[in-house]
Amino acid sequence: MSVATRMAPATLGLGTLVVVGAALEALIRGGAINRYIVPLPSQVLLAFERIVVEENVVHRFLLTTAETLVAGALITIVGVALGLLLNRVHLLRAACETWVAAFASAPIVLMYPLFLVIFGRSAVTIVMMGFVAALPPVILKTLEGLAATRSVLVNVGRSFNLTPAQMFWKIMLPAALPTMFVGLRLGLIFAMINIVGVEFLINFGGLGQLINELAERYDLPGTYAAIGFVVLVSVLFFYVTERIERWLRPA
Amino acid sequence: MSAPTAISADVRTSAQQVGFVGVENIVKRFVTPEGTVCAVDDVSFDVRHGEFLSIIGPSGCGKSTLFNIIGGLLGDYEGRVTVGGETIRGTHAAIGMVFQEESTFPWRNVLENVAFPLEISGLPKAERHERARHFIGLVGLDGFERRHPAELSGGMRQRVAIARTLAAAPQILLMDEPFAALDEQTRLLLGDKVLQIQQSLKQTTLLITHNITEAVQLSDRILVMTYRPGRVKRIVDIELPRPRTSEIVSSTAFGHHVAEIWNDLREEASRGMRDEEAHARHRGAL
Amino acid sequence: MTIGPVVGAGFGRVTVVRVAIILVLLAAWEALARSGLLFRDVVPTLSAIARAFVTLLLQPDFYTNLGWTVGEIALALLVGGVSGLLVGLLLGGSRLLGRAFEPYLYYLGPTPKIIFFPVMIMWFGVGPTSKVALGALSCFFPIALSTAAGMRQIDAVLIRVGRSFRATTSEMVTKIYLPAMREPIVNGVRLGLGVAMIATLLAETKLSNRGFGYLIIQAYSTFDMPRMYAVLIALFALAIAANALIGRFSAYRASRFR
């Protein structure tokens, strides 16, 4: 396959993006689109620099990242522990697994006003919200990973007369790890999405709040630029976690 | 029952016109990242009407490519395929295909699966269900009409796929290793079943296989292909009495034929093996 | 240590454990509520929550707001779902288009959608339309992505079967492509419903004077904690039920296939 054919899709994708941007620019300049609703793409690009310099974006980015990492640590500890517990005590698992699955499908983040009452307008509310919303996938994936260990591997372990502890550390856990990493990554992404969302909603903290603030000031290019910035950050986050997961997963 | 006789009579009269397949100088090349590969190289043969012809060869001899070309699912080849003397391009109504892979529709039950081609040709529901039932009975699956493929064994699913192709009443039957995924016993018994149906419907049948026993058990003639590029190595007449059943596998004549074919095939198969090893080594070195 | 899914644990024992867990949780809650350890009213007594729940269900207001929210979400799912399905079919059907545009959808999918709310307000005003737009934007991504993936996952041999029987293009679509894609499409709609629901409701809590989100934020601003719990309970029950309902459409009787 030639280089040209391999590059064609990427070129088409990027090209379309540029063409749409240019068309928007022209339509707005021509007055076909109201520039008080959609700012000029060029203005938005310029506003990027402004929000980085004037709005303390680096600090906000670090704050949101820190909140996400704390929530991530919490879901790892609590989620994996609960998963192991449910896997170990079969009766508990039979009783609770459907509850956890049902909870995962509920709009948990709608509890943020409740958390606001309990923890106040603070980073604790934001972190706790991220933690609770991201917990179910971690538990479910831990369970799934442990339960899906191929029975032939378990039989291999039995044939070597492994103790239950050896069975867990040498067979069950290594077999479950890839699935557990999938759950942890999912959990981290959920946590990040919910944390940025709650920051925006309660107008407190890092990147989410920045968007709210700029929107309330009716700074159009700034709002668009800030949204673009957050999207870029989440894409980067998504990409990095994907890389880490691939790197951790045994080949 | 009157339906089965009606159907087989039907097939017999039209078979005289179109139950003859000609394959002339077929060449097929594939473009791969490593360059152009010639899969089938100048293959010619005929399948006489009502005949059971098997094509046998090691993996990589292009027999599945040939199957897809004759069935009209693969284009862009040199040479021509004729049915009843006329050149065909693309699929042809007289040809029915049975695939190697699991090919039943998982969302349809057995009855709906078998009725599929009749649905495509626009038969009313009652009629197509009646015909489908007949062919379900033919492959011995009475009572399973309402089951879904997931509830059946692999052998039963393949019988559904065969019944589905038969339901379209093709004068020419193409089968690409239809028994490959089955165990040896099921393979022998299902082979009997297919042979019985083929003989009673007088269908021209082309079977692609890599199993020598299966080929000798079923065929009038066997075409042995060479390993890459696929060429015709030899065509062997199988002079075993008909009607045949799988019991024939214990006869001396059968053993003689198997040995004869294996003699031809051994050289090709070992060429294939060496080639695969060389490929694996090459990949390992990269 | 035994392995694999629970075998032998009788239905009866599971029920007993479930009831026991619920009773323990309720008792702990009540004890916490009566102890006065937490700020007043953060953990209301069970009876207070029950009373608020009954009151809520008796108010006609509740059903009007429920109607608004359900309407918004349904419309969002319709708009986002149909556009997602079409885009997904396009991306799944063409290798070039898929390679060119799917990476964008793949990476934009898991970004927080609520941050687009200010833009939606500018475009569609402060009324229900902006909530519908945000919900549609949210559910577009999972539905488009799973449709595209589903289309590529169709077993190639099933397509060859259809062609060998000389099915027309429209027969191929209705009798082969769509049935074969049923599971991924339903799963996409299920994911889409989840995110559309969250986006719509969060938007309602941010800026609205009707809907379930508004009820929650209203309870918050009047510091009526029992009522907030009551609204949340009703909301979670409805969300879980809706999700389970869609799940029922998912699998043809072939869950054991492959």
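Predicted model: local features only at pLDDT ≥ 70, side-chain atom pairs only at ≥ 80, totals over all residues.
The crossing of α8(A) and α10(A) is right-handed.

- Helix α8 of chain A spans residues 164-202 and helix α10 of chain A spans residues 220-248; they pack at an angle of about 165°, with their axes 10 Å apart.
- Because angles over 145 degrees count this way, α8(A) is roughly antiparallel to α10(A).
- From α8(A), the contributors include Phe181(A), Leu188(A) and Met192(A), while those from α10(A) include Val230(A), Phe237(A) and Phe238(A).
- By class, the residues of this contact are 10 nonpolar, two polar and two charged.

**Where chain C touches chain B**
- Here 17 residues of chain C are in contact with 18 residues of chain B.
- On the chain C side, α7 (156-164) and α8 (169-180) each give two or more residues.
- The largest share, six residues, belongs to α7(C).
- Nine nonpolar, one polar and seven charged residues make up this side of chain C.

**The two domains of chain B**
- Chain B is assigned domain 1 (9-94 + 171-285) and domain 2 (102-169).
- Their C-alpha centres lie 25 Å apart, and each domain gives 11 residues to the contact.
- On the domain 1 side, α1 (3-18) and α6 (184-201) of chain B each supply two or more residues, with the largest share, five residues, coming from α6(B).
- That side of domain 1 has eight nonpolar, one polar and two charged residues.

Note on methods. Residues numbered from 1 in each chain as written. Chains lettered and ligands numbered in written order. Axes fitted to C-alpha atoms, helices over the stretch in contact; angles between N-to-C directions. Helix = DSSP H or I, 4+ residues; strand = E, 2+ residues; numbered from the N terminus. Parallel < 35°, antiparallel > 145°, perpendicular 65-115°, else oblique. Left-handed = near helix turned anticlockwise from the far one by under 90°. Contact = placed C-beta atoms within 7 Å. Nonpolar A, V, L, I, M, F, W, Y, C, P; charged D, E, K, R; others polar. Domains from an automatic or database assignment.
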